[in-house]
Amino acid sequence: MSLRLAWRKSLNVFMLSLTGICVLITVSVLFFILGYLVYNGGKDLSWSFFTHLPAPVGEEGGGMANAILGSLKLLLLAALFGVPIGLLGGVYLAEFGGRTFPFIIRYTADLMNGVPSIVIGIFAYALVVMPMHHFSTLAGGVALGVMVIPTVLRNTESFLVDVPRSLREGAFAMGANKWKMIATVVLPAASRGIMTGVLLALARVAGETAPLLFTAFGNRFWSPGWDQPTSSLPVVIYTYATGPYEDWHKQAWAAGLVLLGMVLVTNILVRAFLTRGTAYERT
Amino acid sequence: MRNVKVLCALAALLAIATLATAAGPVLLNAAGATFPYPMYSKWFDVYHQAHPGVQINYQSIGSGGGIRQLIDKTVDFGASDGPMNDDQLKQASVPILHFPTVLGADVPSYKIPGVTAELNFSPEALSGIFLGKITKWNDPAITSANPGVKLPADDIVVVHRSDGSGTTYIWTDYLSKVSPEWEKKVGKATSVNWPVGLGGKGNEGVAGLLEQTPDSIGYIELIYAVQNKIMYGRVKNSSGAFVKAELASVSAAAAAAAKIMPDDFRVSITEPPNTNKAAYPISSFTWLLIPGKFSDAGKRDAVKDFLKWMMTDGQQYCEPLAYAKLPKEVVAKELKAIDKIQ
Amino acid sequence: MATTPNAATPADIPGPTQTLSRRWGGADDIAHVITLIAAATLVLIAVLLVYQLWILSAEARTKFGWHFFVTDTWDPVAGDFGALPFIYGTLVTSLVALVLAVPLGVGAAIFLAELAPPKLSSSLTFVSDLLAAVPSVIYGLLGVFLLVPVMRTTIQPALKATLGFLPIFKGPSYGIGFLTAGMVLAIMIVPFVLSVSREVLLAIPRDQREAALALGATKWESTWKVVVPAARIGIFGSVFLALARALGETMAVTMVIGNNPKIAASLFSPGYSIAAVLANEFSEATGNLYLSALIELGLVLFLLTFILNGLARLLILVTTARGSGVLPS
């Protein structure tokens with residue numbers, strides 16, 4: 001074997017192993033993060049963490065009950081604002097529409113997807129907090145909802161477009177008109193994919209901190225209704241992690257574990273659900 | 001049909017969430033200084049236990065934030081350790097009343113590996129460090145005040161506030177009084193153009209950075225240093241004595257001011273005159289910023305009641321948290337001023 | 001097909017099907033309009049967003065003009081605001097992140113697209129997608145308590161000892177600063193580089209690889225000299241996408257960058273980024289000029305990400321279109 005060939009062969013093995021190492025590094029980071037959070041956060045997860053309100057600064061025994069409820073309320077609002085608009089918009093793109101307007105909508109959706117979440121927070125501040133003259137769960141919900149819309153819209157469109165023509169034509173052949181075809185045949189056929197998209201979008205906004213900093217603000221107590229500031233998991237993690245109190249740090253780890261757990265479990269379940277099969281034969 | 005069921009479920013959830021947590025209590029939102037935050041969080045908690053119908057949600061975002069949110073009317077009242085200046089008062093649409101709540105102190109806190117002694121700082125040392133002119137711990141300006149303490153030749157890591165802060169106001173107010181160079185170059189305000197250093201958000205953030213960064217020095221409110229067991233030094237006052245921040249020395253600083261307290265309660269007590277030997281030179285009142293006019297009678301009455309409680313029963317909680325109580329003369333004046341709130 | 005009585009049946013339309021669709025025409029139109037309104041709402045929100053940013057930054061824009069982009073003071077006391085430190089910090093941290101993430105991501109993508117069997121490839125990509133789903137504040141949490149001490153005690157001194165002659169590795173080592181922020185960002189953007197690069201690599205048709213192998217190339221040579229160049233444009237697209245993401249990252253950066261609006265050559269020094277200063281100072285900017293300067297920064301960030309995202313998608317589109325034969329290579 002000539003020297004050159006030997007060199008080429010060993011380079012081949014070397015470089016390909018390097019790429020394998022790249023994958024190894026990437027994958028192990030995730031497991032490391034998860035493992036560390038489980039280790040550090042798990043030991044401070046307690047019943048009081050889930051049920052108590054925050055204690056006065058410097059005292060032990062506080063919990064994050066209001067932050068957990070706050071996050072859930074914010075997610076509910078985000079879903080209410082974002083999902084119908086995104087869903088219907090996706091239907092428009094896939095089923096109606098022509099050349100220019102759908103192009104504008106798709107472009108805008110991609111644009112909005114790329115906007116940093118802090119800028120969306122500024123937007124929600126100007127739109128909701130300033131006229132209302134206080135911070136509120138509503139403002140936070142609007143900010144998160146704005147982030148949900150483009151994701152759900154593009155996702156809905158993509159799954160609707162995937163539904164084979166034969167199903168649509170079959171519906172027409174049975175005498176259905178357009179909206180009936182969409183509502184009773186196409187949407188159900190794509191429903192699995194659409195649901196996964198919605199859940200993934202919600203899982204993503206559940207972890208967002210920046211847009212909540214000056215919309216939902218924060219609250220040491222329960223936040224009744226929708227027009228008062230509210231505590232939320234990501235914001236509390238940020239506040240406690242950057243503070244000096246050891247008790248706060250422990251709570252931040254525990255909360256981080258809860259948040260990460262929620263997000264990862266949603267992602268895993270939802271994607272597994274999607275790949276298990278669809279309601280029709282994919283052509 | 002399934003979609004209708006989903007919608008009904010969502011609507012039910014919404015109703016439950018709204019009703020379950022909707023309540024009739026008076027909800028007050030406040031924001032501002034981190035300097036008195038341990039005190040306020042204790043007070044609001046105790047007050048809420050005693051008056052379950054009133055809930056005061058205080059967010060510690062810095063005095064600058066408190067002033068701004070108050071002017072924007074996104075909170076019901078604010079808190080600051082730097083009094084509002086005339087420009088800011090003009091921006092508010094209603095008159096704002098300042099109510100001193102407690103006395104606290106900015107302490108020079110440090111974390112130097114191997115140093116467990118309490119250091120003495122002269123005004124020249126402090127202004128030099130924060131101006132970036134004194135860069136090493138074993139600089140003569142520091143070592144001359146600390147004979148017998150071995151200071152390393154390490155670089156000093158300055159930590160300051162990254163947000164608008166009354167604690168900063170107090171610190172820069174003091175430095176402006178003791179260092180003409182500081183006054184010219186940087187000035188005093190809640191947010192300044194720092195010559196050097198790392199920025200932390202809130203007293204909490206600065207304390208957090210101090211804990212984690214060796215060779216660091218920063219200014220934080222006394223209780224943050226105490227609660228987190230961060231070392232803090234003595235400061236030389238104008239009579240030449242090195243004084244440690246504690247209840248007695250902080251109260252001493254306020255003693256003279258108490259007798260000549262202006263009607264609007266805006267006063268600075270840093271660097272008291274040299275007749276006051278026991279005074280800690282970087283002390284300050286901290287104020288609640290209360291609008292003079294409330295549109296909601298329930299909120300107004302709750303605020304007035306809280307203020308009265310705070311000045312009387314509430315003061316018993318100060319000293320365990322290392323804040324000095326208000327002087328008697330100031331309390332008397334404040335109780336009269338509460339009536340100005342409409 | 002029977003038509004119901006009272007149906008409006010225009011005489012000139014033949015055939016039962018068309019009569020039916022005519023009858024229900026109203027409902028279809030309603031559906032069309034409703035969905036159209038929903039889609040238009042998104043456009044309305046986007047327009048409103050840009051409008052708000054523009055209007056609320058007016059005071060700063062008129063006062064500072066282009067000067068804003070070359071001033072490096074950020075002095076709330078004097079009312080003098082300049083964007084340079086934040087633009088610098090944003091770009092430096094993103095650059096560091098790219099330098100670390102692109103080789104890692106492209107390398108991993110090559111492995112997953114060329115070497116790994118399909119099942120392994122998709123499950124590992126799945127793991128990478130999970131990394132992308134981790135919230136920013138969690139990265140910040142790990143950054144503050146894990147990475148910063150390690151940087152301060154181990155990595156940065158090691159860099160100083162070996163490469164300390166370079167200006168980027170000089171100066172005191174606090175642990176927080178540009179380098180640490182860049183590293184946290186790198187971990188956050190690797191999944192984007194990986195997933196998009198993998199897709200563009202997979203889109204290159206098999207015959208390219210087979211032709212190279214038939215000519216005697218090793219697997220690596222076929223990949224590096226044939227496939228990757230063909231996918232080059234799309235890989236650039238993935239880099240732009242990752243960059244756009246890195247520019248806008250807020251929480252993880254603000255927790256480890258040091259929050260000091262100074263421009264410094266050393267990567268060890270603390271700095272500030274646009275997103276970080278917005279997070280820290282927005283809710284407390286006293287005075288309209290201060291607030292409007294911050295919003296102008298937000299506008300700058302918005303425009304940067306807008307342009308980058310647009311370019312990225314164009315590049316990716318071109319590569320996948322070429323690869324699948326829609327466009328000529």
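User: Why does the distance between the end C-alpha atoms of helix α4 (residues 100-114) of chain A agree with what a helix should span?

Analyst: This is a predicted model, and helix α4 of chain A has 15 residues. The expected span is 1.5 Å times one less than the number of residues. That rule gives 21 Å for this helix, so it agrees with the distance between the end C-alpha atoms, 21 Å.

User: Which residues of α4(A) are buried?

Analyst: To count as buried, a residue needs 20 or more other C-beta atoms within 10 Å of its own. In α4(A), the residues that pass are I105(A), T108(A), A109(A), L111(A), M112(A) and G114(A).

User: Is G64(B) buried or exposed?

Analyst: Let's find G64(B) first: it sits in helix α3 (residues 63-72) of chain B. Leaving out residues up to four places away in sequence, its contacts include D163(B) and T190(B), along with E284(C) and T286(C) from chain C. Buried takes 20 or more other C-beta atoms within 10 Å. G64(B) has 30, so it is buried.

User: How many residues does chain B bring to its contact with chain A?

Analyst: On the chain A side there are 25 residues, made up of 13 nonpolar, 10 polar and two charged ones. Chain B brings 29 residues.

Conventions. Residues numbered from 1 in each chain as written. Chains lettered and ligands numbered in written order. Predicted model: local features only at pLDDT ≥ 70, side-chain atom pairs only at ≥ 80, totals over all residues. Contact = placed C-beta atoms within 7 Å. Nonpolar A, V, L, I, M, F, W, Y, C, P; charged D, E, K, R; others polar. Helix = DSSP H or I, 4+ residues; strand = E, 2+ residues; numbered from the N terminus. Buried ≥ 20, exposed ≤ 12 C-beta atoms within 10 Å, placed from the backbone.
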